[in-house]
Amino acid sequence: MFDKRSPLATKAMNDLGYRNAVNMSGGLTVWKEAGYPVQH
């Protein structure tokens, strides 16, 4: 099941004026699997 919060959060950030807020397909899981950094 896909997370429904991320698109809503992205829309809210864009509505607040953020210009680079995006919703990534696959989310954090795909980001980590691709080897990109994650800060805890």
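This briefing describes the fold, the buried positions, the side-chain pairs and the surface of one protein chain. The model is predicted. The protein chain has 40 residues, of which 5% are buried, and its secondary structure consists of 2 helices and 0 strands.

**Overall form**

- Along its principal axes, the C-alpha trace of the protein chain spans about 30 × 25 × 15 Å.
- The accessible surface of the protein chain amounts to about 4000 Å². Carbon and sulfur atoms account for 58% of this surface.
- Helix α1 covers residues 5-15, and helix α2 covers residues 27-33.
- A loop lies between α1 and α2, and A21 is found there.

**Two buried residues: T10 and A21**

- T10 belongs to helix α1. Its relative accessible area is 13%, and T10 is therefore buried, since the term applies under 20%.
- A21, in the loop between the two helices, has a relative accessible area of 15% and is likewise buried, because this value is also under 20%.
- T10 and A21 are 11 residues apart in sequence, while their C-alpha atoms are 5.7 Å apart in space.
- When residues up to four places away in sequence are not counted, T10 touches A21, V22 and N23.
- With its neighbours within four places in sequence left aside, A21 is in contact with T10, M13 and N14.

- In general, side chains of opposite charge can pair when their charged atoms come close.
- The structure holds 1 salt bridge. Its partners are the side chains of D15 and K11, with a distance of 2.7 Å from N to O.
- D15 and K11 are 4 residues apart in helix α1, which means that about one helical turn separates them.
- D15 has a relative accessibility of 55% and counts as exposed, because this value is over 50%.

**The aromatic pair**

- A pair of aromatic rings is described by the distance of the centres and the angle of the planes.
- The structure contains 1 aromatic pair. The pair is formed by W31 and Y36, whose ring centres are 4.5 Å apart and whose planes stand at 35°, so the pair is tilted.
- W31 is partly exposed, with a relative accessibility of 31%.
- Y36 lies in the segment after α2. Y36 is partly exposed as well, at 48% relative accessibility.

**The nonpolar surface patch**

- V22, M24, L28, W31, Y36 and V38 form a nonpolar patch on the surface. Together these residues have about 550 Å² of accessible area.

- E33 lies in helix α2. Its relative accessibility is 64%, so E33 counts as exposed, the term being used over 50%.
- E33 and D15 are 18 residues apart along the chain, and their C-alpha atoms are separated by 30 Å.

Key
Residues numbered from 1 in each chain as written. Predicted model: local features only at pLDDT ≥ 70, side-chain atom pairs only at ≥ 80, totals over all residues. Heavy atoms only, no water. Patch = residues over 30% accessible without salt bridge, like charges linked within 9 Å, V, L, I, M, F, W, Y side chains within 5 Å. Areas by Shrake-Rupley, 256 points an atom, 1.4 Å probe, with all protein chains shown as cover. Salt bridge = Lys/Arg side-chain N within 4 Å of Asp/Glu carboxyl O. Buried < 20%, exposed > 50% of the residue type's maximum accessible area, 1.4 Å probe, protein only. Contact = heavy atoms within 4.5 Å. Phe/Tyr/Trp six-rings, centres within 6.5 Å; stacked < 30°, edge-to-face > 60°.
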